[in-house]
Amino acid sequence: MDFHRVDTQFGTFRFPWIDLALTQTHFLPLIQMMDVTGSSGVSFWIMILNVLLYLCFKSIDSRKKYSIYAIGLILLLWVFGLMKINSIENVPVNNSIQVAITQPNVDPNEKWERGNREPTFILMHTLLDKAINMSPDLILWPETALPSYLRLSDSDRRPLQKKVDSFNIPLLSGTIDKKLSKQGFPLYFNGSIYFQPNKPSEFYHKVKLVPFAEYVPLSDNFPKLSELNFGQGNFTRGNEFTLFSIGDEYFSNLICYESSLPDVVRKFVMRGAKFLTIQANDGWLGNTSGPSQHFELAILRAIENRRSIVRSANTGISGVITPSGKVKVQKNIGERSVFMESVPLFEINTFYTKYGNILGKWSSIIIVLLLGVLIWLKK
């Protein structure tokens with residue numbers, strides 16, 4: 001299987017934030033089938049329920065029958081979901097990782113201003129010291145945690161590496177990066193740098209960028225498009241689904257928008273990630289429902305792949321989600337915090353992880369075939 005090719009299903013302009021399954025994240029038993037069906041299964045039963053409710057109100061004679069069907073559907077899903085949650089939570093866990101998560105609560109609009117650069121570094125080092133004092137196995141920082149190209153700046157990177165070496169605790173930090181192309185042109189990346197004790201740093205470059213925010217769509221094929229100015233960053237996407245290691249255990253990192261893309265997430269798990277981290281920066285979304293929706297998308301990814309998810313948001317919602325979708329801990333928007341949680345490691349590969357959105361693909365094929373048959377019959 002090609003893990004170096006980013007899935008392009010539904011095209012460049014797909015926006016999974018409108019996933020119907022998001023409406024059910026507060027009713028975990030109703031979405032436990034997602035480890036088989038993905039979010040398409042949730043959309044399917046919501047559609048059936050709405051049809052039953054429509055028939056219930058429309059048909060006076062059969063109202064009782066359709067009401068029983070609707071209630072029966074919900075009860076069946078609820079019982080199945082409770083059993084599924086119980087079975088997942090009782091799976092023997094051979095190992096767990098202690099992760100210290102940082103939520104700095106720094107305004108992304110102000111971080112890169114010259115006068116705020118030094119205070120930001122002082123703050124992040126103070127929060128790093130607090131995390132080190134907790135003696136975790138891993139420290140997680142959010143997306144673009146520091147206003148620096150950490151790979152290129154020895155003066156900014158060296159103090160961090162020194163603390164990692166001294167206390168023998170790895171640090172995963174979001175950072176922007178720059179490299180030269182084969183033709184000598186600068187390429188910019190939204191990425192992560194993994195500081196390991198007494199080892200060279202490792203890197204991950206975001207494989208799925210946000211259209212019109214991090215790049216102009218189709219600019220890979222038509223370079224002139226990148227000269228258009230929508231206020232976007234002209235980043236280059238990465239092409240590798242990177243695994244990081246803590247001892248003998250592996251994990252992968254998602255950067256912000258990537259957590260909304262189920263096909264991208266499952267490829268990290270297929271490579272061998274036993275838990276997932278998310279680095280986010282929801283300050284751009286302001287005081288809207290966006291940060292909450294973004295956090296709840298991680299609940300869907302946890303259930304689909306039965307993996308623990310650890311989320312660090314610069315300004316947003318940080319927390320830990322278990323493989324059953326339960327939120328173990330959650331920090332509020334606007335809160336500055338460093339906290340540590342035990343993260344269970346799972347090795348189960350679900351049907352969805354292995355095969356992806358089979359239900360959605362086959363449903364699309366069947367609908368197209370049925371439309372074709374109807375058109376042919378009308379002739």
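**Helix packing and buried positions in the predicted model**

The axes of helix 7 (residues 262-271) and helix 8 (residues 290-305) come within 10 Å and cross at roughly 45°, where axes are lines fitted to C-alpha atoms over the stretch in contact and angles run from 0 to 180 degrees between N-to-C directions. Helices are DSSP runs (H or I, at least four residues) numbered from the N terminus. The structure is a predicted model, in which local features need pLDDT of at least 70, side-chain atom pairs count only at pLDDT 80 or more, and totals for chains, interfaces and linings use all residues. Residues are numbered from 1 along each chain as its sequence is written, and side-chain values use heavy atoms, with hydrogens and water left out.

On the helix 7 side, Pro262, Val265, Arg266 and Val269 meet Arg301, Glu304 and Asn305 of helix 8 (contact: heavy atoms within 4.5 Å). By class, this contact has 3 nonpolar, 1 polar and 3 charged residues (nonpolar: Ala, Val, Leu, Ile, Met, Phe, Trp, Tyr, Cys and Pro; charged: Asp, Glu, Lys and Arg; polar: the others, Gly among them).

Helix 8 also holds histidine 294. Histidine 294 is buried, with a relative accessible area of 1% (buried: under 20% relative accessible area, 1.4 Å probe, protein chains only). Beyond its neighbours within four places in sequence, histidine 294 is in contact with Trp17, Cys256, Tyr257, Ser259, Ala280, Asp282 and Arg311.

In helix 3 (residues 63-89), the buried residues are Tyr66, Ala70, Leu73, Leu77, Gly81, Ile85 and Ile88. Their cover includes helix 2 (39-58).

Notes:
Helices (H or I, at least four residues) and strands (E, at least two) are DSSP runs, numbered from the N terminus. The expected span of a helix is 1.5 Å times one less than its number of residues. Buried means under 20% relative accessible area, exposed over 50%, partly exposed in between (1.4 Å probe, protein chains only).
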